[in-house]
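Subject: Structure handover

Hello,

Below is the structure for your files. My notes on its contacts follow.

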Amino acid sequence: MPSAYTSSAPVRTRVVDGVLATGCAVATTPFAASGLIYGYFRWQPPLWFWLPAAVLVGVAAWFRRGRPWWFAVTALAGWVALSGIFAVVLAQYTVAERTRSWRLTAVSTVGTLIVVGLPIWRLGGLDAGLPQCVAVCVAPALLGLYVGTRRQLISEMRERVERAEQERDLRVRQARSDERAQIARDMHDVVTHRVSLMVLHATALEATRGRDATAVAGRIGTIGRAALDELRSVVSVLRADGAVPLAPQPGLADLADLVDQTRALGVPVLLDVESGAPTPALVQHAVYRVVQEALTNVRKHAGDAATEVRVRRETDLLRLVVLNRVGTATGRERGLPGGGHGLLGIAERIRLVGGELTAEPTADGGFLVEAVVPVDERSGR
């Protein structure tokens, strides 16, 4: 809670506070207060008394957001001295709205009832005093509690939404980072394999003492260019340190085994692969991961739904389509958990190799996952 009213407040708020402060000051003057209801004194105070008092009440009303209790005490003093009732009403509202506490509001209301109610009850009796005391002391406090509590709830909901968005962005960034690191680990063994072949061919060239040098050198050059292309693909997406040797990573040739494993779990899968020209290992493994994640999601969310996996080489791009129909049993019924980050990971993997991934439900209740990755036939990338 701010200690005082600051110039950083919105212009609209400053205008409202200025109008209310002016109203409190004017309502505290004897010209306005004497025509309403008298408080403790029926007198005409001199100018030197009521003018500073009215200004003090107006200043307290201006700073009421930061100092509600000071304003409440000043308003009660203005009521006792000059019968300024408008400032008391605003003070009751302000204390309840700023504190948002039932206990503090009850203390303020009881004190105000005592100070305000005594002269009213003395002059008008209980029948006339009760409605006026409720209107001056109780109603503004209840309204202030409602407005303050509602504003606090809206602020908390807004903070929760912002926090949820930040957490979601963090999960997305983490999924992308994990997928990039996985790509680096996957390619480590592929590049190591090609470099090892180059070393072996160089050793063979040395052993032949010049015989078949042209053919062996050609093979070394081909292997080296392929290794450089794959290295460029990896370096273009990230620089990873500390990669450890892993087993050879699966590609398009391993899709049949993956589909067989899924069929063994009760999911009917139709596989149709036409890869055509050789495809870089980085792209092959990216496509394999998409199929793996898509089939996992079918088991989780569609159960035994009929699924089609199609891979097509279309001139300068590779297109993958995984389409499942509506199943009769869901993964939740089978007790399969879902992390919710798989699609983020494979989308990032496809993006890093220059492709695009689309994942969306179909009109008949199924689900479609489609990946399109550009492939340069001249370089094999």
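At 35% relative accessibility, Arg325 counts as partly exposed (buried means under 20% relative accessible area, exposed over 50%, partly exposed in between, with a 1.4 Å probe and protein chains only). This is a predicted model, in which local features need pLDDT of at least 70 and side-chain atom pairs count only at pLDDT 80 or more, while totals for chains, interfaces and linings use all residues. Residues are numbered from 1 along each chain as its sequence is written, and side-chain values use heavy atoms, with hydrogens and water left out.

Salt bridges

The structure holds 13 salt bridges (a side-chain nitrogen of Lys or Arg within 4 Å of a carboxyl oxygen of Asp or Glu). Helices (H or I, at least four residues) and strands (E, at least two) are DSSP runs, numbered from the N terminus.

In one of the salt bridges, Arg325 pairs with Glu308 at 3.4 Å, N to O. Glu308 lies in strand β2 and Arg325 in the loop between β3 (317–324) and α10 (342–352), so this pair ties together parts 17 residues apart in sequence. Glu308 counts as partly exposed because its relative accessibility is 24%.

The closest N and O atoms of Arg312 and Glu274 are 3.7 Å apart. Arg312, at 25% relative accessibility, counts as partly exposed, and Glu274, at 45%, counts as partly exposed too.

Asp17 forms a salt bridge with Arg64, with 3.2 Å between the closest N and O atoms. Asp17 lies in helix α1 (residues 11–28) and Arg64 in the loop between α3 and α4, so the pair ties together parts 47 residues apart in sequence. Both Asp17 and Arg64 are buried.

Helix packing

The axes of helix α3 (residues 47–62) and helix α4 (residues 68–82) come within 9 Å and cross at roughly 155° (axes are lines fitted to C-alpha atoms, for helices over the stretch in contact, with angles from 0 to 180 degrees between N-to-C directions). The two helices, α3 and α4, are therefore roughly antiparallel to each other (angles over 145 degrees count as such). Residues in contact (heavy atoms within 4.5 Å) include Phe49 and Trp50 of α3 and Trp70 and Phe71 of α4.

Regards

Definitions and conventions
Angles under 35 degrees count as roughly parallel, over 145 as roughly antiparallel, 65 to 115 as roughly perpendicular and the rest as oblique.
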